[in-house]
Amino acid sequence: RRSRRRKGGAEEEERAPESEDEQDDSDDLEEDPEQGGSRKRRRRRIDKEAEKEYYRYSKYSQSSAVVSYMLAQMLNYSHMEDILWMALCGLTEHFLFGKLPKDRHREQIFLFQKDVDNRLLQMPTEVKLTDGHVVRKYNSNRIEVEDEYRLVLLRHWSLYESMWHSPYIVSRLGLHFSAKGKLTLDTLLSKVGLPPDRRHGPFRAFSEAEQKALQEKLVSHGRTVGLRDLTFRSFVKMQGYGVVIAASDLVYAVSALLEYPVENTEDSRVAFWKAFDTLKSDTLEEIREGVELAKLQQQAMVRQATILLLKNALVNTGPFRHGTLPETTDANDLELLSKPMVLRRMARFLLEVKTAQLVSSGAKGTSKPLVLAALNAKSERWVIVGVHPERLDGGVERNKFGNAFRTAAARSRSTVVSDGFDSTYIEVHRDSKNKFLDALHYGMSEECGLV
């Protein structure tokens with residue numbers, strides 16, 4: 001069977017395995033040579049259907065940073081520390097943004113953890129001084145494995161603020177949507193022994209021992225309120241004495257910088273190189289700008305998602321739900337959110353909330369796919385993303401919006417832009433949005449047999 005991959009940690013489009021009917025048809029063709037021309041026509045029909053299935057779905061392949069690290073290992077590259085760190089950041093990005101199934105993430109974490117542990121063992125633990133004395137050497141520059149909270153930018157926020165703006169907590173506790181959700185959060189933090197001044201103070205003020213004790217309590221008490229997987233295995237980089245850079249924090253900072261134009265220029269290349277420099281950072285000061293921008297994005301995302309949910313603005317259109325950030329949305333929020341990556345994260349957040357609501361109500365299955373649109377006022381184009389909910393088993397659904405977007409654009413004759421690796425988003429001219437969405441609805445309804 002054919003398989004096509006694109007480099008850059010982007011997408012992988014694959015053909016589905018042959019169905020039993022296709023296999024039977026193929027066997028019939030081989031066993032009945034007297035059919036002549038009809039045999040060739042049937043073979044072409046089967047090939048055409050297989051090709052159609054091949055282009056119908058897409059999914060993310062392995063992170064290009066992980067692939068680069070594997071190649072460097074095979075070539076016995078000497079400077080592996082930086083390449084390893086890039087690979088760990090790439091793996092973390094795929095997990096945080098829902099591009100990697102949980103089982104594959106666990107497998108890759110296991111492999112990388114062995115590499116990290118081996119490198120720590122190879123580091124010299126003693127050094128001989130000029131006078132002959134041997135003293136213990138502290139390795140201040142190293143990578144370590146840690147259990148990270150599923151909280152956004154916790155090291156650069158207070159515990160309360162991070163929980164208040166983290167999709168994982170918001171969706172499972174129902175924060176922002178009811179008084180019960182806030183009461184549950186306050187009760188949880190009281191049970192772990194955190195007074196108000198500590199929960200609202202900088203998380204970095206906690207000592208290492210306090211952080212460890214707090215994590216044990218939060219994980220234990222969190223299970224009682226539905227937070228069953230509050231932590232995940234990840235990596236941090238130690239630089240100097242007391243400087244800890246988490247892979248997850250770096251992912252949020254770099255992602256924010258990539259999509260936000262540098263002051264006084266709209267050239268995306270400038271933003272790219274700024275993000276690239278941040279990726280190589282060795283100090284907290286060097287990532288501060290990206291972190292602060294990521295916090296603004298997160299606040300805007302949660303704020304506007306809450307408004308859409310409270311207003312019941314996610315319309316059920318049959319094959320998918322559809323939501324739009326109104327043009328009257330706060331201009332600063334709209335500027336932050338009208339970018340493909342952050343808008344996709346917002347759509348995933350909305351689906352997390354919808355799925356959690358279904359689970360709490362006792363309903364089976366997950367929410368419908370979601371199409372979310374936001375207007376980029378500068379380019380006069382609507383940024384539209386299409387995402388599928390995460391499967392209950394932690395898997396990642398193949399995405400069918402790439403092909404559906406292309407079909408809808410052609411059918412509606414809309415003016416569109418789609419020039420990135422990611423086919424789960426498209427940009428539509430301001431005046432073409434409604435007819436594009438109508439064509440998308442009709443096409444996907446037709447595919448599902450609803451018309």
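These legends describe close-up views of a predicted model.

**View 1. Ser281 in a loop between two helices.** Ser281 lies between α12 (268-279) and α13 (284-310). Its relative accessibility is 2%, so Ser281 counts as buried. The Ser281 side chain comes to 2.6 Å from the backbone oxygen of Thr278. Beyond its neighbours within four places in sequence, Ser281 contacts Lys237, Ile245, Glu286 and Ile287.

**View 2. The salt bridge of Arg142 and Glu144.** The closest N and O atoms of this pair are 2.7 Å apart. Arg142 is buried, with a relative accessible area of 13%. Glu144 is partly exposed, at 21% relative accessibility.

**View 3. The salt bridge of Glu146 and Arg155.** Here the closest N and O atoms sit 3.1 Å apart. Arg155 has a relative accessible area of 17%, so Arg155 is buried. Glu146, at 26% relative accessibility, counts as partly exposed.

**View 4. The salt bridge of Glu327 and Arg430.** The closest N and O atoms are 2.3 Å apart. This pair links distant parts of the chain, 103 residues apart. Glu327 is in the loop between β10 (321-324) and α14 (331-337). Arg430 is in the loop between β14 (425-429) and α17 (433-447). Glu327 is partly exposed at 43% relative accessibility. Arg430 is partly exposed too, with a relative accessible area of 30%.

**View 5. A salt-bridge network.** Side chains of opposite charge can pair when their charged atoms come close. The structure holds 21 salt bridges.

Key
Residues are numbered from 1 along each chain as its sequence is written. This is a predicted model: local features need pLDDT of at least 70, side-chain atom pairs count only at pLDDT 80 or more; totals for chains, interfaces and linings use all residues. Side-chain values use heavy atoms; hydrogens and water are left out. Helices (H or I, at least four residues) and strands (E, at least two) are DSSP runs, numbered from the N terminus. Buried means under 20% relative accessible area, exposed over 50%, partly exposed in between (1.4 Å probe, protein chains only). A polar contact is a pair of N or O atoms within 3.5 Å; within protein, one must be able to donate a hydrogen and the other to accept it, and residues adjacent in sequence count only if both atoms are side-chain atoms. Contact means heavy atoms within 4.5 Å. A salt bridge is a side-chain nitrogen of Lys or Arg within 4 Å of a carboxyl oxygen of Asp or Glu.
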